[in-house]
Amino acid sequence: MNVTAKLADVYHAFFRTKLFNKIVLVFSALTIVTFCTLAVLVYKYSTSSLRQKELGAQQQAVDEVGAFLDEQMDQSQDVVLQFYQNQLLLNDMLYFLRNDMPLYIQYRFNKYISSNSSENRNLETFLRGHMESHPEILQIAVYSKSQSFVFMFNGNKTQKLVVLQGEKRPAEQAIDGMRAIRTAAERTPELDEALDIAKKGAYTFTFDMNDPDTLRNEGSILFTFDPDAIGKKLRAGEADRRIGSVLVLFPSGKVVYDSSGRYGGLEYPYARQLRGDPGYAKLETKAYRTTTRSAMSGLYVSGIAPVSELEGKFAGFKSKVIAITGIGIVLMIVFAYMTVYRYSRRTRAIIKAMKQAQQGNLSVRVPTGQNDELDEISDRFNRMCEELMSYINQVYVSEIKQKHAELVAFQAQINPHFLYNTLEAIRMRALTQGAADVGEMAYVLGSLFRYAVKPETTVTLGDEIDYCRQFLELYRLRFRDKMSYSISLEEGIESALLFKLSLQPLIENAIVHGVRASKTGNVISIRAYADATTSALVVEVEDNGKGMDEERLRTVTMNLAGKGNASGERTEGAGGSGGNTGGKDGKGRLGGSSLGLRNVNERIRLLYGDDYGLDIRSKRMEGTVVRVRFPHRKEEI
């Protein structure tokens, strides 16, 4: 129960709500099942093929041994046939079989004396020549039925005569029994003793020697073969590379030859199980056996391939299949994990960006560039954020800025008549005291107040230029001969519309940062003209102050674009140190002003678009030019 609960917890923690983990899990399960199934099929097919190959090699070995035995039988028959085909050999053989050994020796001597040829062609030379060309023959024995003896020609080039009488009579009976078989026969112990054959498993082919005229049987020839020749035959061919063992048996079950060396010359206890169709049999161990009977020799040849040896041969292949299967499964799972992980990481990045956008951070962006479905989702999300930001900036921020401007204008309208009367009282007092310049300054300041508190938010370029002229005149009166100004207005653009007080912050910025109170020759120039190529209204405010270096200009430009401090004005003189003009606080901002260059730039871009706004050009010790672009809209008549 606890195991089930733990498995359920693992599933809920890692798979229930995680799609990509499910994909990896399912893919891994399918991969394992597929690879294991393929491995089993490959192993079964391969082992079946290898088993058939081994059984085929086993069958080949059996066929080779059977053919070898038939060949020995056939060669033995050829020897007998040559006796009948050669009259001299036949006569020699028949005389040998019909007479005792002294008479045969005398016969051979007389034949040799009477012969004009030096060739001594007889039974002994013929059989010896055959044995020398066939070393697998262990012994050739010639049995005389009438004389009851057997004469042996051994493979070691010795020969022996044995009379089969008395206690050796059973050997003669054994020979008579072998004559009736006419195939390879096993000898009795008495015959082995008479023939002096000690080799276990030696097998003998027996052939009758008859008189062709009377067809009377005169005796027999016994060809006894060395079973080790079968092993040499196997080792000489491809069959030696088989697994298991090869058995050659008499029909009685006695082993002629055993390639494993365990049952040579003994009774094989599972002889009955070997006979039948090729296939599986339970012998000493479970084994596959193939048995055939030699057509001429009558011997059984069996190939035995133990199941354990076959499995042992397949063990290395089985290990390779398991290793390859394991490696394949691991590689496929790792490949699937890496692939899914890559897509999962991108998906998590999209989800994280969505959560940040939900919290109000519309500046978040999802990396793109993969050109697939997730890339398309990311691209659409990025464009959605950009459009939302643009909409918010155009509607929400613009509305806030407008309300803020209205609030400032409203605050500026607090008791304007009190301000006008106070300024007028100051002007009259200055005139009565002989301070005409103070009176004129009070008059200009009153005019500036009247213009600033007007409820209209959109004015003509002409009105805005007049306001700027009065503003400059106020400062000219203060600095007297240390400052001058000039205004250049292209003809026909006086009626162009723009929002109120859009140029005053530029003039004030030039005075504060471009006028050096300690020096003369301070000049502020205003130029207004229409740009025919872009249909824009351009106003330039230039001072001849000390200007800015490139690094400071870059900082000011970034502030103007909203990437620096919040004020947007220069923090050191654009045209010079500016001295202490009285309009600047300790932080470099215009004291008492709620509108600055950055606010003007933002309002222009919000109202008219990104094609309009401010830009600044400045050179060290040469001055600064602030250029502002408006859409060229004329007042409706």
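Mentor: Two strands are taken to pair if DSSP finds at least two bridges between them. With that criterion, the predicted model shows an open sheet of five strands in the order S7-S6-S10-S9-S8, with antiparallel pairing. The edges of this sheet are strand S7 (255–258) and strand S8 (279–282), each of which pairs on one side only. From one strand to the next, the twist averages 30°.

Two of the pairings may be followed in detail. Strand S6 (residues 245–249) and strand S10 (residues 300–306) run antiparallel and are joined over five bridges; within this pairing, Val-246 stands opposite Gly-303 in S10. Helix H10 (residues 307–358) packs on the sheet and touches S8, strand S9 (286–293) and S10. The direction of helix H10 makes about 50° with that of S10. S8 and S9 also pair in the antiparallel sense, over four bridges, and Gly-279 stands opposite Arg-289 in S9. These two strands, S8 and S9, form a hairpin with three residues between them. As a general point on side chains, those of a regular strand alternate between the two faces of the sheet.

The setting of this sheet is a chain with 17 helices and 17 strands. Of its 637 residues, 42% count as buried. Among contacts with a separation of 6 or more, 63% are between residues 24 or more positions apart. The accessible surface comes to about 35,000 Å², and carbon and sulfur atoms account for 54% of it.

In one of them, Arg-629 meets Asp-531, with the closest N and O atoms 3.5 Å apart. This pair links distant parts of the chain, since Arg-629 is in strand S17 (residues 623–631) and Asp-531 in strand S14, 98 residues apart. Arg-629 counts as buried because its relative accessibility is 18%, below the cut-off of 20%. A further salt bridge joins the side chains of Arg-617 and Glu-540 at 3.8 Å, N to O. Arg-617 lies in strand S16 (residues 613–619) and Glu-540 in strand S15, so the pair ties together parts 77 residues apart in sequence.

Glu-602 and Arg-598 meet at 3.1 Å, N to O, and both lie in helix H17 (residues 597–608), four residues apart, about one turn of the helix. Glu-602 is partly exposed at 24% relative accessibility, while Arg-598 is buried at 13%. Salt bridges that share partners also join Arg-527, Glu-540, Glu-542, Arg-617 and Arg-627 into one network.

Two features of backbone and surface complete the account. Most residues other than glycine have a negative phi. Leu-215, however, has a positive phi near 60°; Leu-215 is placed in the loop between strand S4 (203–210) and strand S5 (217–225), and counts as exposed at 66% relative accessibility. Ser-535 likewise has a positive phi, of about 55°, and lies in the loop between strand S14 (522–531) and strand S15 (536–543). On the surface, Met-384, Leu-388, Tyr-391, Ile-392, Val-395, Tyr-396 and Ile-400 form a nonpolar patch with about 640 Å² of accessible area together. Ile-392, one of these residues, lies in helix H11 (residues 373–412) and is partly exposed, with a relative accessible area of 33%.

Notes. Residues numbered from 1 in each chain as written. Predicted model: local features only at pLDDT ≥ 70, side-chain atom pairs only at ≥ 80, totals over all residues. Heavy atoms only, no water. Buried < 20%, exposed > 50% of the residue type's maximum accessible area, 1.4 Å probe, protein only. Patch = residues over 30% accessible without salt bridge, like charges linked within 9 Å, V, L, I, M, F, W, Y side chains within 5 Å. Areas by Shrake-Rupley, 256 points an atom, 1.4 Å probe, with all protein chains shown as cover. Salt bridge = Lys/Arg side-chain N within 4 Å of Asp/Glu carboxyl O. Axes fitted to C-alpha atoms, helices over the stretch in contact; angles between N-to-C directions. Contact = heavy atoms within 4.5 Å.
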